[in-house]
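Hi,

Here is the structure I promised to pass on. Have a look at it first, and my notes on what turned up follow below.

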Amino acid sequence: MVLVRGNCWEPALAVHRVLAMRPAYACAPWPLPRPRVRWALDQPEPVAFHHVPVLLEAVLEALRPAPGATLIDATVGGGGHALALLRAAQPGGRLLGIDADPAALAAAHARLSAADLPPGSFVLHHGRFADLQAIAAAHGFAEVDAVLFDLGVSSHQLDTPERGFSFAAEGPLDMRLDPTGGPSAADLVNRLDERELAELIFRYGEERASRRIARLIVERRRQAPITTTADLAALVRRAVGRGGRERIHPATRTFQALRIAVNRELEQLEAALPQAVELLRPGGRLAVISFHSLEDRIVKQFFRAESGYGGSAAARPPRLTIITRKPIEADAAEIAANPRARSARLRVAERRA
Ligand SMILES: C[S@@+](CC[C@H](N)C(=O)[O-])C[C@H]1O[C@@H](n2cnc3c(N)ncnc32)[C@H](O)[C@@H]1O
């Protein structure tokens, strides 16, 4: 692992964080409350991290890392895609892995360190991909051959009740990818007014019962704040009712909406995509795996706009060539082995000269 300038705060793991707008590394003063991040970084052995990388073969085929390639995994998670890409890029390949979640970085660090990779072939960074260019510049990744985004949450995050992403297990209503700061889902649920809640649930969850859910939330929190996933799931179930032919849990859409809002997922994606294009060298490739239609629409429209689709009268010449006219999806065998792959859509584009 490359230690660009050492990390005076946590030398054992050397997970860096570059502060937006600050050229120097954030060793001192550490901007966030230390005790809340230490739980993740201090563990002598990272907790077992389970996440099967989706569409792995398709990603490798799409990004075609050659020996010596310079790569960015903007959502490194447990390092599954990163490891396969880095291996394919040897000898000489280098990878910058970014994640908002310190626990994911710890897992990626353990996985990549245990692999047969040359020393100094990867560097991991704690941050948000909306700061992609600043992070890449700080680590000397000025021009790269490939950028990967594998959006959303990992299975590990979903299945850890303390993170509060899932209605399937009781936990605090948190949902922050980066538990070191920012408002949690409980903050939103207990603070937004009824109209704002209804709008959020409708816009990010495409939930038709959004107004009913918002009304019930506001009624319920007059008695006591809503603090757990189970509380919210039960309440949504009551608001939505049992009816319908839906095969998904009635709280699925509301939980998705809150997660997107808490982590500003769509804004992050919109901010990051143009930066990824800037970083690519001609012939370099951008691959994005999305898991719901709101993300996929952003990627599709961005690719179209950047490729001059429909002869659009854009101010500048097209920068991308679309490689995947239709998104690549998992086949039946992958879905059977990893049900999470069911909703994955991979889109790929190439930087023009
Ligand atoms: C689906 S997982 C990636 C899994 C990874 N490809 C692997 O093979 O293990 C998505 C990861 O992206 C991270 N993430 C999501 N949004 C992010 C953002 N805006 N900035 C940085 N990381 C983000 C999440 O914390 C999570 O670890």
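Predicted model: local features only at pLDDT ≥ 70, side-chain atom pairs only at ≥ 80, totals over all residues.

Strand 2 has a partner on either count I checked. With strand 1 (residues 70-73) it pairs in the parallel sense over four bridges, and there arginine 94 is the bridge partner of threonine 70. With strand 3 (residues 122-126) the pairing is also parallel, over five bridges, and leucine 96 has valine 123 as its bridge partner.

The helices in between complete the picture. Strand 1, helix 3 and strand 2 form a right-handed β-α-β unit, and strand 2, helix 4 and strand 3 form a right-handed β-α-β unit too.

Helix 3 is worth a click as well. Its buried residues include Gly80, His81, Ala82 and Leu83, along with Leu85 and Leu86. What do the buried residues of helix 3 pack against? The list is helix 2 (56-63), strand 1, strand 2, helix 4, strand 3 and strand 4 (144-150).

On to the cores. The largest nonpolar core has 63 residues, and those with the most contacts inside it are Leu55, Ile72, Ala74, Val147, Ala287 and Leu346. Helix 4 (residues 102-114) gives this core its largest share, seven residues. Apart from it lies another core, of 32 residues, with Phe165, Phe167, Leu200 and Phe255 among them.

Which residues does alanine 287 touch, leaving out those up to four places away in sequence? They are Val59, Ala62, Leu63, Leu148, Leu346 and Val348.

Two of those, Leu346 and Val348, bring us to strand 7 (residues 345-351). Six of the seven residues of strand 7 are buried, so this strand is largely enclosed by the rest of the structure. Strand 5 (residues 280-290) pairs with strand 7 in the antiparallel sense over six bridges, and valine 288 stands opposite arginine 347 there. Strand 6 (residues 320-322) is joined to strand 7 by three bridges, and these two strands run antiparallel. In that pairing, glutamate 350 of strand 7 is the bridge partner of threonine 321.

Finally, the overall numbers. The protein chain contains 14 helices and seven strands. Of its 353 residues, 45% count as buried. Among contacts in the chain with a separation of 6 or more, 69% are between residues 24 or more positions apart.

Happy to go through any of this with the model open.

Cheers

How values were computed:
Residues numbered from 1 in each chain as written. Core = buried A, V, L, I, M, F, W, Y, C linked by C-beta atoms within 7 Å. Buried ≥ 20, exposed ≤ 12 C-beta atoms within 10 Å, placed from the backbone. Contact = placed C-beta atoms within 7 Å. Pairing = 2+ DSSP bridges. Right-handed = clockwise from strand over helix to strand, strands pointing away.
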